[in-house]
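Thanks for coming. I will go through a few features of one structure, starting with its charged side chains.

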Amino acid sequence: MIFGRSPKRSHGASAVVTGAGSGIGAAFALELARRGSAVVCSDIDDDSARRTAEAITAAGGEATAVHCDVSAIDEVSALADAAQSWFGHSPTLVINNAGVGAGGRQIGDMALDDWTWTLNVNLWGPIHGCHVFTPMLRAAGSDRPRGIINVASAASFGAAPEMAAYNVSKAGVLSLSETLAAELSGTGIGVTVLCPTFVKTNIVESGRVTAQSGEAANLLMRFTGISAARVARDCLDTHDRGGLYCMPQLDAKIGWNVKRFAPQTFTRSIGLAFRAGAALPGRAD
């Protein structure tokens with residue numbers, strides 16, 4: 001495979017995208033292909049990964065589908081081996097995107113099985129991805145632009161009630177990314193963490209979310225969410241510029257800055273807003 005001439009990491013890359021079967025992951029894969037990158041599309045759902053890869057090849061790009069459950073280290077290692085074999089060399093860009101949604105129960109009410117499931121995918125998935133692929137990126141050589149993008153969420157700093165497992169998992173991804181960026185400083189390997197608010201995806205339908213919380217989330221996605229394609233473009237552009245944080249929406253940027261400068265006020269305000277919403281007519285206990 002031939003690398004693109006652009007010095008930008010997202011152009012002409014040999015890219016691996018987890019959770020590439022739908023949503024933000026599929027948008028990343030398609031946008032990378034438009035930028036001349038070859039893409040390994042991985043997903044736990046083989047059919048969806050194949051559809052994304054086929055869409056890329058039908059448009060004249062290079063892509064292949066690989067099964068991977070990111071919560072299993074052996075499968076992430078196998079993904080890395082498959083990618084290296086297909087590219088003929090180490091990947092140059094890895095996007096740890098696979099994730100699940102969970103919410104609707106308060107701490108103490110949420111089943112521990114839901115905690116485990118959420119953390120295994122949302123936190124251990126990126127940990128496994130960074131653990132396996134970072135040495136490969138180091139070995140790829142400084143003559144090639146290299147990078148890692150981890151998909152977190154504004155929930156990583158937002159701490160909204162009834163989303164504890166999801167919040168904790170994404171906060172871990174944020175910290176993981178910051179630590180990795182510090183460790184890779186000066187190596188030429190870029191690190192970006194994506195922290196969007198509402199994006200129009202199927203994460204609610206495919207997750208473990210109570211009916212009422214799911215309905216509220218879908219309404220917010222419908223009226224305030226932006227497209228996965230726009231999020232992918234913004235994040236890849238941020239990564240090409242060397243940015244560590246990508247917050248593609250204004251509300252995420254505002255929340256991030258308020259949390260930094262008035263953390264206690266921010267957290268209390270979220271709690272009060274949640275209680276006010278819970279008191280509205282029609283809200284179930």
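Start with two residues: R35 is buried, and D240 is buried as well. Before going further, note that this is a predicted model.

The two residues form a salt bridge, with the closest N and O atoms 3.4 Å apart. R35 sits in the loop between α1 and β2, whereas D240 belongs to helix α10, so this contact ties together parts that are 205 residues apart in sequence.

How buried is R35? Its relative accessible area is 11%, and buried means under 20%, so R35 falls in that class.

R35 also meets D237 through a salt bridge, at 2.9 Å from N to O. This pair links distant parts of the chain as well: R35 is in the loop between α1 (23-34) and β2 (38-43), D237 is in helix α10 (residues 228-240), and 202 residues separate them. D237 has a relative accessible area of 31%, so D237 counts as partly exposed.

Then there is E31. R35 forms a salt bridge with E31, and the closest N and O atoms are 2.9 Å apart. Is E31 buried or exposed? Its relative accessibility is 9%, so E31 counts as buried.

Which residues end up in one network with R35? Salt bridges with shared partners join E31, R34, R35, D237 and D240. For the whole structure, the number of salt bridges is six.

Next topic, helix packing. Two packed helices are described by the angle between their axes and the distance between the axes. The pair to look at is helix α5, residues 124-139, and helix α7, residues 164-184. They pack at an angle of about 15°, and their axes are 11 Å apart. Angles under 35 degrees count as roughly parallel, so α5 is roughly parallel to α7. As for handedness, the crossing of α5 and α7 is right-handed.

Last topic, the surface. Which residues make the nonpolar surface patch of about 280 Å²? The answer is L250, I254 and V258. Of these, take V258, which is located in helix α11, residues 250-261. V258 has a relative accessible area of 36%, so it is partly exposed. Patch residues need over 30% relative accessible area, so V258 passes that cut-off.

To recap: one network of salt bridges includes R35 and D240, α5 and α7 cross in a right-handed sense, and L250, I254 and V258 make a nonpolar surface patch. That is all from me.

Technical notes
Residues numbered from 1 in each chain as written. Predicted model: local features only at pLDDT ≥ 70, side-chain atom pairs only at ≥ 80, totals over all residues. Heavy atoms only, no water. Patch = residues over 30% accessible without salt bridge, like charges linked within 9 Å, V, L, I, M, F, W, Y side chains within 5 Å. Areas by Shrake-Rupley, 256 points an atom, 1.4 Å probe, with all protein chains shown as cover. Salt bridge = Lys/Arg side-chain N within 4 Å of Asp/Glu carboxyl O. Helix = DSSP H or I, 4+ residues; strand = E, 2+ residues; numbered from the N terminus. Buried < 20%, exposed > 50% of the residue type's maximum accessible area, 1.4 Å probe, protein only. Axes fitted to C-alpha atoms, helices over the stretch in contact; angles between N-to-C directions. Parallel < 35°, antiparallel > 145°, perpendicular 65-115°, else oblique. Left-handed = near helix turned anticlockwise from the far one by under 90°.
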